[in-house]
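Please look over the sequence and the model shown below before turning to the briefing. The points that follow are grouped by topic.

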Amino acid sequence: MAQVKICGITRPEDLSAVAEAGARYAGFVFFPKSPRNLSVEDAAALATEAPSGVARVGLFVNPDDATLDAVLDRVPLDIIQLHGSETPARVAEVKARTGLPVMKAVGISMPSDLDALWDYGLVADLLLVDAKAPPDAALPGGNGLSFDWRLLAGRRMLKPWMLAGGLTPVNVAEAVRLTGAPMVDVSSGVEAAPGQKDPALIRGFVTAAQG
Ligand SMILES: O=C(O)c1ccccc1N[C@@H]1O[C@H](COP(=O)(O)O)[C@@H](O)[C@H]1O
């Protein structure tokens, strides 16, 4: 049974669906190129109304300090997700500056990519193991692409971790079985269209992940 994060929430009704389905984390995207991007005002309204059992995760891609400060000044967040090319040193800086737990995304497409999980595991509070985006992709994540989950079988992680990348209500149970992931994260796999969550798919995903 894996805990679930639903990423890219943009509407109050989707946040309600996340809570009612039993997901533990809701992700808010602060990356203008994403179809799930939120303004600070909209994110503040959503995060303020989030049910108490749902941890609010702010997703950033290579944010500078001013961006982090501007969001955190208005938006109550519980966890920072870094989904760009932030170095381990930058992860440590963000953690110190914000005082929040940091989850670092690591992109995987081949066995050698796994080495980074160790380096980031030394500084991050949580790891997010995602499919590596293709070089020409507009987004570094949220593309609905998966990787060979067998690469993770039996692997020891230094920190609690989530599996992400191309997960859907149909494949998530198999992904958890193959990888042993204690947590899973999904964005496009529970959408009717890019940026538009489908409450029925959210319910189906959480049910399947919790097996
Ligand atoms: O969801 C986005 O728009 C996004 C933008 C930039 C970086 C990451 C993004 N999402 C994260 O990507 C993974 C996988 O998403 P998907 O399920 O394959 O669509 C997930 O961790 C999201 O948090």
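**Barrel and overall fold**

Eight strands form a closed barrel in the order 1-2-3-4-5-6-7-8, with parallel pairing, where two strands pair if DSSP finds at least two bridges between them. Neighbouring strands of this sheet are turned by 25° against each other on average, direction ignored. This is a predicted model, in which local features need pLDDT of at least 70 and side-chain atom pairs count only at pLDDT 80 or more, while totals for chains, interfaces and linings use all residues. Residues are numbered from 1 along each chain as its sequence is written.

**Strand pairing**

- Strand 4 (residues 79–82) and strand 5 (residues 102–108) run parallel and are joined by three bridges.
- Ile-80 has Val-102 in strand 5 as its bridge partner.

**Chain as a whole**

- The chain holds seven helices and ten strands, these being DSSP runs numbered from the N terminus (helices H or I, at least four residues; strands E, at least two).
- A compact globule of 211 residues would have a radius of gyration near 17 Å, and the chain's 16 Å agrees with this; the radius is taken over C-alpha atoms, and the globule rule is 2.2 Å times the number of residues to the power 0.38.
- The C-alpha trace spans about 40 × 40 × 35 Å along its principal axes.
- Of the 211 residues in the chain, 45% are buried, that is, 20 or more other C-beta atoms, placed from the backbone, lie within 10 Å of their own.

**Helix 7**

- The buried residues of helix 7 are Ile-202, Phe-205, Val-206, Ala-208 and Ala-209.
- Seen down the axis of helix 7, these buried residues fall within an arc of 165°, so they line one face of the helix; the arc is that of the directions from the helix axis to the C-beta atoms.
- They pack against strand 1, helix 1 (12–21), helix 6 (172–179), strand 8 and strand 10 (196–197), where contact requires C-beta atoms, placed from the backbone, to lie within 7 Å.
- Gly-211, which follows helix 7, has a positive phi, near 40°.

**Helices 3 and 4**

- Helix 3 (residues 65–74) packs with helix 4 (residues 88–98) at an angle of about 35°, their axes lying 11 Å apart; axes are lines fitted to C-alpha atoms, for helices over the stretch in contact, and angles run from 0 to 180 degrees between N-to-C directions.
- Asp-65, Leu-68 and Leu-72 in helix 3 meet Val-94, Arg-97 and Thr-98 in helix 4.

Definitions and conventions
A residue is buried if 20 or more other C-beta atoms lie within 10 Å of its own, exposed if 12 or fewer, and partly exposed in between; C-beta atoms are placed from the backbone. Two residues are in contact if their C-beta atoms, placed from the backbone, lie within 7 Å.
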